[in-house]
Amino acid sequence: MTDAGQALNGKKILVSGACGTIGNELVHQLLNHYSPAEVLCIDNNETELFFLEQRFKQFENARFLLVDVRDFNSLSMIMDGIDVVFHAAAFKHVTLCERSPYEAVQNNIIGVQNITRTAIENGVSKVVFTSSDKAVNPTNVMGTSKLMGERLVTAANAFQREHSTILVSTRFGNVMGSRGSVIPIFHEQIRQGKPITLTDNDMTRFVMSIKRAVQLVIDSAFHACGGEVFITKMPVLRIRDLAEVMVKAVAPMYGHSPDSIPIDVIGVKPGEKMYEELMTGEETRRAIELQEYFVVPPAFRGLYKDISFDYPKVVSDKVDNPYHSGNEPHMSHDEILDFLNEIDVLPQY
């Protein structure tokens, strides 16, 4: 068993946003690969929570409750006795958050505050907040709300007086095949024989599988010292290359010639970045490189309690370049196809 597995063995674990892409995979891995005393799955989506309960009904240590993270009192009641919290509940669609900023604030900021407060008040051992690349130099409401979530987590870790809860954030890029991924969009366009709509030929993104993302979220709970941000290392691809690989691989499955599926460049959307940032220049100056992560300790160390940020398998205590997809080599077509097959997101015929 891994170190993370030993740390979770016999623990009572709460997963918020259990019906989302990350939350669902967290529940799956916790129940199938670890030995927790209990996994409490909460979400505000009644229908999806019902189906999630049916999926995992054979596990006697799994519980499912209809709870909204915006409701402080409900969270306070269910947090009693919990050892570890994985907070994955969030509004993640950029355009919808831009149209409804108040709701984004309530869910992505107030929700984080409610989680941290109730966790600390109930003596939870560790809280892991799943953040996003869009929290780095944010250009939209969603990214700004996720950045504020990170800052709340760091502050909560520092200013608790009578408790010793460890709170940490994890930040990663695009989870391929998730609900917010471009893959389902490209797939449907190809299935219908329509042109693929591409924002820009040179746009790049960090990518990873759902399974890998969740494994690293769980591992970060084990390695967390308190208040830091874990930034997952990931491969990079050009969206143009992804589109070309998918056309070649998927079009014949639906009776289309790859040559009959054009790629139309429609322009960058408002607030959309050409490359994906996972670490700012300022964060780079205090970052620590591990084998699978970068770790960014809090900036205002003087404001926080005395924490020794020591980690196993340190590669370097000095990072020279901001971690963004424009700086990193991108995958070839063959590497992208291998990656898509490995994470099983292409249709099978």
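Which residue in E11 does Thr204 stand opposite? Thr204 stands opposite Arg238 in E11.

This is a predicted model, in which local features need pLDDT of at least 70 and side-chain atom pairs count only at pLDDT 80 or more, while totals for chains, interfaces and linings use all residues. Residues are numbered from 1 along each chain as its sequence is written, and side-chain values use heavy atoms, with hydrogens and water left out.

**Overall build**

The secondary structure of the protein comes to twelve helices and 15 strands; helices (H or I, at least four residues) and strands (E, at least two) are DSSP runs numbered from the N terminus. The C-alpha trace spans about 65 × 50 × 45 Å along its principal axes. The radius of gyration is 20 Å, which agrees with the value near 20 Å for a compact globule of 349 residues. That radius is taken over C-alpha atoms, and the globule rule is 2.2 Å times the number of residues to the power 0.38. Buried residues make up 50% of the 349 residues, where buried means under 20% relative accessible area (1.4 Å probe, protein chains only), exposed over 50% and partly exposed in between. Of the contacts between residues at least 6 apart in sequence, 79% join residues at least 24 apart; a contact means heavy atoms within 4.5 Å.

**The sheet around E9**

Strands E7, E9 and E11 form an open sheet in that order, with mixed pairing. Strand E7 (174-176) and strand E11 (236-238) stand at the edges with a single partner strand each, so one side of each is left without a neighbour in the sheet. Neighbouring strands here are turned by 55 degrees against each other on average, direction ignored. The axes behind this angle are lines fitted to C-alpha atoms, for helices over the stretch in contact, and angles run from 0 to 180 degrees between N-to-C directions.

E7 runs parallel to strand E9 (residues 204-209), joined by three bridges, whereas E9 and E11 are antiparallel, also with three bridges. Two strands pair if DSSP finds at least two bridges between them. In E9, Val207 is opposite Asn174 and Met208 is opposite Val175. Both faces of E9 are covered: Thr204, Phe206 and Met208 are buried on one side, and Arg205, Val207 and Ser209 on the other.

**Strand E14**

Strand E14 (residues 293-296) is likewise covered on both faces, with Tyr293 and Val295 buried on one side and Phe294 and Val296 on the other. E10 pairs with E14 in the antiparallel sense over four bridges, and Thr232 has Tyr293 as its bridge partner. Strand E13 (residues 288-290) is joined to E14 by two bridges, also antiparallel, through a hairpin of two residues. Glu289 is the bridge partner of Phe294.

**Two helices**

The expected span in the table is 1.5 Å times one less than the number of residues.

| Helix | Residues | Number of residues | Span | Expected span |
|---|---|---|---|---|
| H2 | 21-33 | 13 residues | 18 Å | 18 Å |
| H7 | 141-159 | 19 residues | 27 Å | 27 Å |

The buried residues of H2 include Ile22, Leu26 and Leu30. In H7 the buried residues include Met142, Leu152 and Val153. Helix H5 (94-99), helix H6 (101-121) and strand E10 (229-232) are among the elements that cover the buried residues of H7. Asn140 caps the N-terminal end of H7, with a side-chain oxygen 3.4 Å from the backbone nitrogen of Met142.

How values were computed:
A polar contact is a pair of N or O atoms within 3.5 Å; within protein, one must be able to donate a hydrogen and the other to accept it, and residues adjacent in sequence count only if both atoms are side-chain atoms.
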